[in-house]
Amino acid sequence: MTALLEVDRLAVRMGEQQILTDVSLAVPERGIVTVLGANGVGKTTLMRTVSGIYRASAGSIRFAGAPIANLPPHRIVARGLAQAPEGRQVFSNMSVRENLVLGAGAVAGAEFERRFGDVLQRFPLLRDRLGQQAGSLSGGEQQMLCIGRALMSRPRLLLLDEPSLGLAPKIVKQIFDLVASIREAGTSILLVEQNVRGALKVADHGYVMEGGRIVLDAPAAQLREDPRVRDAYLGGGH
């Protein structure tokens, strides 16, 4: 499959600290790729660098064939890449409707209404809470709002950073089902997760990070059977 996102030998340095070193990965059109690893290995830094929040110190990032490394975030969004950040980060004192409107950026008129309708169709519970403050939603509802807000920009590639973090098991299953359905609708996904079992069920391909580097790179089905992954993340042979 054609690569929509190509990260090649990416490095990120913050002050004296080297956060990422020689990170390379690819996300194909209509694919789900997951990046796995423990806390503090550089997964979120990778996502924030791809989306333009952090600056790359070396390497390249190409999206739809064009270089995007170190472009301002709003220009990257305009090219068709959106992020639902770790920790949900909804605008707590604004309504659900206002959060979704912000996700659409400058889009207005009939195109806005189409996007708004599509998001509410995908997240019907949000329709009943449009006037409610986002901060009063449950954790699972806030996560759905965060993803819905990102989808308002109608991205070709959606970056999802720990979407299942801190949620009840029933809601976690709903989130992973949602991830699969977003891909089925044509959106590629780069998924960062500590829930290795859930991520490898929905992903086509996976990368494992340790210490700011990629240490494993294989199809998701192969990673599920890899003894190193089972021992470190899946409870050994169980």
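What is the handedness of the crossing of α3 and α4? The crossing of these two helices is right-handed, a label used when the near helix is turned clockwise from the far one by less than a right angle, with anticlockwise giving left-handed. The model is a predicted one, in which local features need pLDDT of at least 70 and side-chain atom pairs count only at pLDDT 80 or more, while totals for chains, interfaces and linings use all residues. Residues are numbered from 1 along each chain as its sequence is written, and side-chain values use heavy atoms, with hydrogens and water left out. Helices (H or I, at least four residues) and strands (E, at least two) are DSSP runs, numbered from the N terminus.

Back to that helix pair. Helix α3 covers residues 96-103, and its partner α4 takes in residues 109-122. Their axes lie 11 Å apart, at an angle of about 125°; axes here are lines fitted to C-alpha atoms, for helices over the stretch in contact, and angles run from 0 to 180 degrees between N-to-C directions. The two helices are therefore oblique to each other, given that under 35 degrees counts as roughly parallel, over 145 as roughly antiparallel, 65 to 115 as roughly perpendicular and the rest as oblique. On the α3 side, Arg97, Leu100 and Val101 meet Phe112, Phe116, Val119 and Leu120 of α4, where contact means heavy atoms within 4.5 Å.

Helix α3 also packs against α6 (residues 139-151), with axes that come within 7 Å and cross at roughly 35°. This crossing, too, is right-handed. Val96, Asn99, Leu100 and Gly103 of α3 meet Leu145, Gly148 and Arg149 of α6. Asn99 has 0% relative accessibility and so counts as buried (under 20% relative accessible area, with exposed over 50% and partly exposed in between, using a 1.4 Å probe and protein chains only). Beyond its neighbours within four places in sequence, Asn99 touches Val90, Phe91, Met94, Ala134, Leu145 and Arg149.

Now for the strands. An open sheet of 4 strands has the order β2-β1-β4-β5, with antiparallel pairing. β2 (17-28) and β5 (66-67) stand at the edges with a single partner strand each, so one side of each has no neighbour in the sheet. Two strands pair if DSSP finds at least two bridges between them. β1 (residues 3-14) is joined to β2 by 8 bridges and to β4 by 5. Glu6 sits opposite Ala26 in β2 and opposite Arg62 in β4. Between β4 and β5 there are 2 bridges, with Phe63 opposite Ala66. The hairpin of β4 and β5 has 2 residues between the strands, and Ala64 there takes a positive phi near 55°.

Elsewhere, strand β7 (residues 157-161) has 5 of its 5 residues buried, so the rest of the structure largely encloses it. Leu157, Leu159 and Asp161 point one way from β7, and Leu158 and Leu160 the other. β7 runs parallel to β6 (residues 81-84), joined by 4 bridges, with Ala84 opposite Leu160. β7 is also parallel to β8 (residues 188-193), through 5 bridges, and Leu158 stands opposite Ile189 there. Together with helix α7 (residues 169-184), β7 and β8 make a right-handed β-α-β unit; right-handed here means that, with the strands pointing away from the viewer, the path from the first strand over the helix to the second runs clockwise.
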